[in-house]
Amino acid sequence: MSSVPNLPPRRAASGRAVGFGLAVLGAIAFSGKAILAKLMYGHGVDAVMVLMLRMLFALPIFILIAWWASRGQAALSARQWAGVLFLGFIGYYLSSLLDFVGLQYITASLERLILYLSPTLVVVMSWVLYRKPILPRQWLAMATSYAGVLLVFGREVGQQGADVVLGAALIMGSAASYACYLLASARLVHVLGSLRLVGLASTVACVLCILHFLLLRPVEAAFAVAPAVIWLSLINATVCTVFPILFLMMAIERIGPGASAQAGMIGPLSTILLGAVLLGEPFTVWVGLGTILVLVGVWMFSQARA
């Protein structure tokens with residue numbers, strides 16, 4: 001269903017074009033997260049440092065978003081605060097931590113393909129927890145996507161060894177964690193609104209990431225890094241974290257979640273391209289074939305749910 005049904009056809013078409021463009025820009029911007037993390041790893045920092053700096057710089061923006069979206073709204077109940085804390089932990093803290101640690105062992109291309117399986121994990125979890133049936137077409141779509149990931153995974157294991165298994169397992173854990181967030185947030189998002197929930201849950205995650213760092217490192221270590229790491233972290237926090245969230249929200253308002261998700265299919269492609277250009281990651285026939293299988297499977301999956 002179009003989100004701009006009462007507008008003249010020309011303005012409605014313009015709104016859809018803007019929405020699609022925002023979804024594409026958001027997907028491309030978000031795909032840069034892994035590339036920037038890899039670049040920072042080249043300066044001798046680890047996942048805990050990269051994640052802390054990303055969240056430290058993003059924290060003021062998320063606080064502002066939470067405040068803006070909460071204006072004129074009722075205060076949260078204790079139960080709602082518990083939900084926000086849980087979602088902040090599982091959806092943005094734990095998922096991000098597993099993601100950045102896993103990136104130390106695998107290519108950015110494989111990371112993006114694995115994370116792209118999150119919607120399929122939501123359906124599997126719904127089947128396990130709520131006995132919601134999975135259609136035969138969805139099973140076929142998932143099999144296609146997972147075959148693509150296994151193809152790229154198998155090539156990386158053969159070339160780089162057992163560390164790829166650990167990295168892929170961590171990234172799969174990240175995807176599962178985010179799938180839990182999507183599943184658990186369904187009810188609360190209708191009460192608080194998507195922007196308010198994202199602002200609050202992301203603020204919680206930022207605080208958790210900073211506390212995680214402070215439990216492991218002294219405060220003075222936070223900025224005892226190369227200047228390039230600080231600049232890359234600023235870009236990671238804004239262009240690759242906050243901007244994609246806002247772009248996706250605005251896209252959903254204009255074209256709906258289904259079309260926004262389909263526009264986001266450019267994400268894995270942009271990650272592979274950026275990885276090849278900026279990181280020198282190999283773009284082989286196997287990577288290309290695996291990516292095509294994943295994208296075809298996700299597209300089939302979205303059509304099966306329609």
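The legends below describe an overall view and two close-up views of a predicted model.

Figure 1. The protein has 11 helices and zero strands, and from the N terminus on its elements run α-α-α-α-α-α-α-α-α-α-α. Along the principal axes, the C-alpha atoms fill a box of roughly 55 × 45 × 40 Å. For 306 residues, a compact globule would have a radius of gyration near 19 Å, and the protein agrees with this because its own value is 19 Å. Among contacts with a separation of 6 or more, 89% are between residues 24 or more positions apart, and 49% of the 306 residues count as buried. The accessible surface comes to about 14,800 Å², and 72% of that area belongs to carbon and sulfur atoms.

**Figure 2. Asparagine 236 is a buried residue of helix 9.** Helix 9 covers residues 227–263, and asparagine 236 has its place there. Asparagine 236 counts as buried because its relative accessible area is 0%, which is under the 20% cut-off. When its neighbours within four places in sequence are left aside, asparagine 236 is in contact with Lys33, Leu36, Met40, Val50, Arg54, Phe100 and Thr241.

Figure 3. Helix 5, which covers residues 118–130, gives the patch its largest share, namely four residues. Tyrosine 130, which lies in helix 5, counts as exposed because its relative accessible area of 56% is over the 50% cut-off.

Conventions:
Residues are numbered from 1 along each chain as its sequence is written. This is a predicted model: local features need pLDDT of at least 70, side-chain atom pairs count only at pLDDT 80 or more; totals for chains, interfaces and linings use all residues. Side-chain values use heavy atoms; hydrogens and water are left out. Helices (H or I, at least four residues) and strands (E, at least two) are DSSP runs, numbered from the N terminus. Buried means under 20% relative accessible area, exposed over 50%, partly exposed in between (1.4 Å probe, protein chains only). Contact means heavy atoms within 4.5 Å. The radius of gyration is taken over C-alpha atoms; the globule rule is 2.2 Å times the number of residues to the power 0.38. Accessible areas come from the Shrake-Rupley method with a 1.4 Å probe; for residues, only the protein chains shown count as cover.
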